[in-house]
Amino acid sequence: MARRLAACCALGLLIAVLGCGRPGGPVVKVGFIAPLTGDQASTGQAMLNGARLAVEQAMARGDILPGHRLELVALDDQRSPTQAVTAAKRLVADPDVVAVVGHLNSSCTMPASAIYHQARMLQVSPVSSNPQISRQGFDTFYRTCATDDLQGPAAALFAVGELGARKIFVIDDMTTYGRGLANEFAKKARALGVKLLGHEGITQGDKDFTPLLTKVKSLAPDLVYFAGMFPEGALLIKQRRDLGLQAHFLGGDGLFDPVLIELATPEAAEGIHLTTIGSDVHRIPTAQAFVKAYEDRYGPIGAYSAYAYEATSIALWAIKQAGVKDRQAVLAAMKGLKDFPGLFGPQNFDEKGDSRIRDIGLFTVKDGKFSFLKSASWD
Amino acid sequence: MTGWQLFLQQLANGLTIGAIYALIALGYTMVYGVVQLVNFAHGEIFVVGAYLALTVLSALGIGQPLAGAALLGVLAVCAVAAMLGCGLLGLGIERAAYRPLRQAPRLAALITAIGVSFFLQNALMLIYGATDRRFPVLIPPVRWEVGGVTITALQVIIWAGSAGLMAALQALVMTTRLGQAMRATAQDPKACRLLGIPVDRVIALTFLIGSSLAAVGGMLFGLYYNTINFHDGYLTGLKAFTAAVLGGIGNIPGAMVGGLVLGVLEGLGAGYLSSQWKNVFAFVVLVGLLLFKPTGLLGERVAERA
């Protein structure tokens with residue numbers, strides 16, 4: 001009995017201490033969801049840093065809502081659609097959360113977007129690029145990147161026009177993002193007269209792709225196209241080298257993380273190409289102040305740090321415009337966005353919520369680093 | 001590349017991952033042999049082996065490919081450290097989690113094994129972090145073309161290493177007194193006790209040996225794929241368990257054959273049919289085999305016990 005009493009007292013004390021530790025007053029929250037653990041954690045953490053920087057800079061400029069503290073609530077979706085839905089439900093259940101920045105993977109953004117839509121909560125996705133997401137007709141959905149119906153064809157044009165590919169093998173990771181991008185690429189490649197030797201899927205989290213790559217090698221393609229994320233991409237790149245598969249290797253923006261080169265080993269990654277949804281952030285004059293602030297604080301900038309910063313800044317702008325802690329008001333304010341002074345130039349959204357900045361970048365790996373080749377605007 | 005070369009290449013691929021499956025499968029089968037327990041924590045022990053090898057490599061400050069004696073020396077140091085670490089871990093798990101349940105219903109021990117597996121997985125996540133850890137490239141990227149089939153130096157090391165260990169294990173089980181005691185314990189632990197065989201010590205040593213083989217499997221796995229993650233033990237452990245059942249659980253040569261057969265079947269299935277069903281093949285094969293030959297390829301356990 002005495003023990004139970006002591007436990008109760010301790011619990012009460014704990015609650016009191018926690019209560020005291022928190023500054024009082026009303027709070028307004030912005031959610032952030034990305035894979036913060038698991039194999040894609042490096043990308044997710046770099047995005048979180050970008051979002052944090054946006055929140056801190058906004059706070060330094062003064063209150064977002066008069067009399068309210070601003071708080072960033074970061075949750076982890078482990079790149080799993082089920083975890084994404086769980087995290088999304090947690091966010092919408094908190095009445096202080098009025099907007100969300102997320103997710104990374106289209107397969108996570110897709111089911112979560114329905115939850116935000118139902119809760120009338122503004123969602124700004126930094127880099128989920130599957131075109132189907134914005135075709136669902138959700139007025140709560142916005143994204144700051146170009147989409148895969150632009151990226152896929154751009155990659156196909158590059159593969160055929162500049163790498164001279166005539167015979168291509170397509171691999172994807174069977175996710176919403178990977179399969180969607182691979183199909184867009186294959187469609188355009190076929191229209192350009194390319195012979196598609198095959199199109200196969202791999203499983204996320206798998207490590208041994210040598211059986212598939214051996215088959216690919218026996219078909220002797222000029223180019224292998226991979227639509228998927230960097231953990232699997234790195235193993236494909238390394239194992240293709242070990243098997244002596246000579247074809248060009250071209251991938252999508254899911255490969256755009258420095259960890260790719262580390263995991264694949266710089267020698268094996270040398271000379272591969274990838275497209276990105278947006279240009280090189282280091283080359284955009286309007287983004288340089290952000291790049292410097294980020295790198296002073298967190299070290300080398302991640303692939304999608306800038307997009308997370310942009311998406312968070314836009315969400316904060318909408319909350320400030322709304323002037324009240326009300327999800328509906330934030331959504332209404334978002335509709336009035338015009339020429340937002342973003343990192344990539346004036347940011348505008350079309351009626352589906354897709355960014356009107358439609359640059360597709362092209363990178364190669366040179367001397368163990370991503371090296372920018374060019375970018376083109378698509379419309 | 002002709003059809004024949006393609007087949008041989010797929011065979012080589014399959015034998016590589018198969019050799020790793022076999023090393024892990026041995027631990028499942030040895031433990032099952034002596035205590036009739038499916039040690040589900042074994043997959044995690046395999047990952048611990050990979051992490052221990054990685055820790056040793058980082059401690060030695062090795063980030064570049066090595067050659068010759070230096071390479072063999074470093075590999076040996078890593079292997080010994082990982083084997084010792086995992087062997088002791090296996091011993092500790094047996095002592096702390098399984099021995100107290102020796103007389104309990106078999107289901108209790110099985111559930112404990114699953115609990116130990118969760119415990120180890122989360123401990124690994126807390127110690128080494130949740131992200132993929134990169135293995136340094138230790139083996140120079142040397143490739144040989146043998147009749148149109150590409151073989152890497154690393155593959156040769158994996159084959160040689162696992163073949164050596166399996167031969168050593170077979171010799172230990174068949175020729176030493178410990179091996180004799182292990183075989184006797186597998187047949188009838190009660191009679192062994194009556195004859196004065198220290199059954200508990202034999203069981204503990206079985207865990208130690210099985211775990212240290214998995215440690216080498218983990219090290220080779222890390223070197224082959226260059227990355228390791230705390231949850232890699234789940235699927236690989238499940239596949240190795242499948243390999244053990246495939247060969248006939250409790251049967252040591254069976255686990256070796258089962259691992260190689262599983263690796264090759266997976267490789268051929270993914271290469272000739274469809275890579276997106278790769279993980280399905282392993283389990284389809286398992287179900288099929290259990291339907292038509294429940295004792296596994298080389299298994300005789302059921303008859304022996306009956």
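**Reading a sheet, a helix pair and a chain contact**

Mentor: Let us begin with one pair of residues: A:Gly251 stands opposite A:Leu274 in β10(A). This is a predicted model, in which local features need pLDDT of at least 70 and side-chain atom pairs count only at pLDDT 80 or more, whereas totals for chains, interfaces and linings use all residues. Residues are numbered from 1 along each chain as its sequence is written, while chains are lettered from A and ligands numbered from 1 in the order in which they are written.

Trainee: In which sense do β9(A) and β10(A) run, and how many bridges join them?

Mentor: Strands of a sheet pair through backbone hydrogen bonds, either parallel or antiparallel. Here β9(A) and β10 (residues 273-277) of chain A run parallel, joined by 2 bridges (pairing requires at least two DSSP bridges; strands are DSSP E runs of at least two residues, helices H or I runs of at least four, numbered from the N terminus). In β10(A), A:His273 is the bridge partner of A:Leu250.

Trainee: How does β8(A) pair with β9(A)?

Mentor: Strand β8 (residues 223-227) of chain A pairs with β9 (residues 248-251) of chain A in the parallel sense, over 4 bridges. A:Val224 stands opposite A:Phe249 in β9(A). Between β8(A) and β9(A) the chain passes through helix α8 (residues 230-242) of chain A, in a right-handed β-α-β crossover (clockwise from first strand over helix to second, with the strands pointing away from the viewer).

Trainee: In what order do the strands of the sheet lie?

Mentor: The order is β7-β6-β8-β9-β10-β13-β14 in chain A, an open sheet of 7 strands with mixed pairing. Its edge strands, β7 (195-201) and β14 (369-377) of chain A, each pair on one side only.

Trainee: At what angle do α4(A) and α6(A) pack?

Mentor: Two packed helices are described by the angle between their axes and the distance between the axes. Helix α4 (residues 106-118) and helix α6 (residues 176-191), both of chain A, pack at about 110 degrees with axes 6 Å apart (axes are fitted to C-alpha atoms, for helices over the stretch in contact; angles run from 0 to 180 degrees between N-to-C directions). α4(A) and α6(A) are therefore roughly perpendicular to each other (65 to 115 degrees). A:Ser106, A:Ser107 and A:Met110 in α4(A) meet A:Thr176, A:Tyr177 and A:Gly180 in α6(A).

Trainee: How many residues of chain B are in contact with chain A?

Mentor: 27 residues of chain B are in contact with 30 residues of chain A (backbone-placed C-beta atoms within 7 Å). The largest share of the chain B side, 5 residues, comes from α1(B).

Key:
Parallel < 35°, antiparallel > 145°, perpendicular 65-115°, else oblique. Contact = placed C-beta atoms within 7 Å.
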